[in-house]
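Have a look at the model first, then read on.

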Amino acid sequence: MRHGKKHNHLGRTKSHRKAMLANMASSLIKHKRISTTLAKAKALRMYVEPLITKSKNDTTHSRRTVFSYLQDKDSVTELFRDVAAKVANRPGGYTRIIKLNNRLGDNAEMALIELVDYNEVYGKEAAAEEKKTTRRGRSKSTTKKADATDAPAKAEAEVETEAVVEAPAAEETKEDKGE
């Protein structure tokens, strides 16, 4: 019985499983998405998410701790430099697992595991939704409402521009008097 046993052993010895997960985590950090079996993707998610959380705190100790897991200097540098900056305000859930079709050879369940913040498809939709404002910062749907409420603000802006125009004229008159 496997009561309370948290990790999937994936049919491998501990040393083989540790090396395989370290290599897969390095590949995920470098390439931002990898395709693997569903069981390995779920095991990798449990392995790599604490490392990404640790990379938010860029200290020598956390770098050494992450390096002890990954054993790859380039992926540690990429993790602390680029990935940590993108996930800085995300409280967790850094990876996404998408199920694919079964593999042809042995009918194994395949999955795509990716870093959430590096998906261009979802990023373009979010950018398109934010593009609904005009160049002046108001939304197109509330133009009539904004015009009605912006009348006092426009009057104040005109007064400020008149004051700016009058100020250089006052300086010229002081210079003229001084000569």
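1. Buried here is under 20% relative accessible area, exposed is over 50%, and partly exposed is in between (1.4 Å probe, protein chains only). On that scale Y47 is buried at 14%, while Y69 comes out partly exposed at 40%.

2. Some ground rules: this is a predicted model, so local features need pLDDT of at least 70 and side-chain atom pairs pLDDT 80 or more, while totals for chains, interfaces and linings use all residues. Residues are numbered from 1 along each chain as its sequence is written, and side-chain values use heavy atoms, without hydrogens and water.

3. Rings of Phe, Tyr and Trp (its six-membered ring) pair if their centres lie within 6.5 Å; planes under 30 degrees apart are stacked, over 60 edge-to-face, the rest tilted. That gives 1 aromatic pair. Y47 and Y69 have ring centres 6.0 Å apart and planes at 75°, so they go down as edge-to-face. The partners sit 22 residues apart, Y47 in helix 2 (residues 38–55) and Y69 in helix 3 (residues 60–70). Helices are DSSP runs (H or I, at least four residues), numbered from the N terminus.

4. Which lysine has its charged end over the ring of Y118, 4.8 Å from the centre? That's K32. K86 also lies over the face of Y118, at 4.6 Å from the ring centre. The test is NZ of Lys or CZ of Arg within 6 Å of the ring centre and within 35 degrees of the ring normal.

Technical notes
Helix = DSSP H or I, 4+ residues; strand = E, 2+ residues; numbered from the N terminus.
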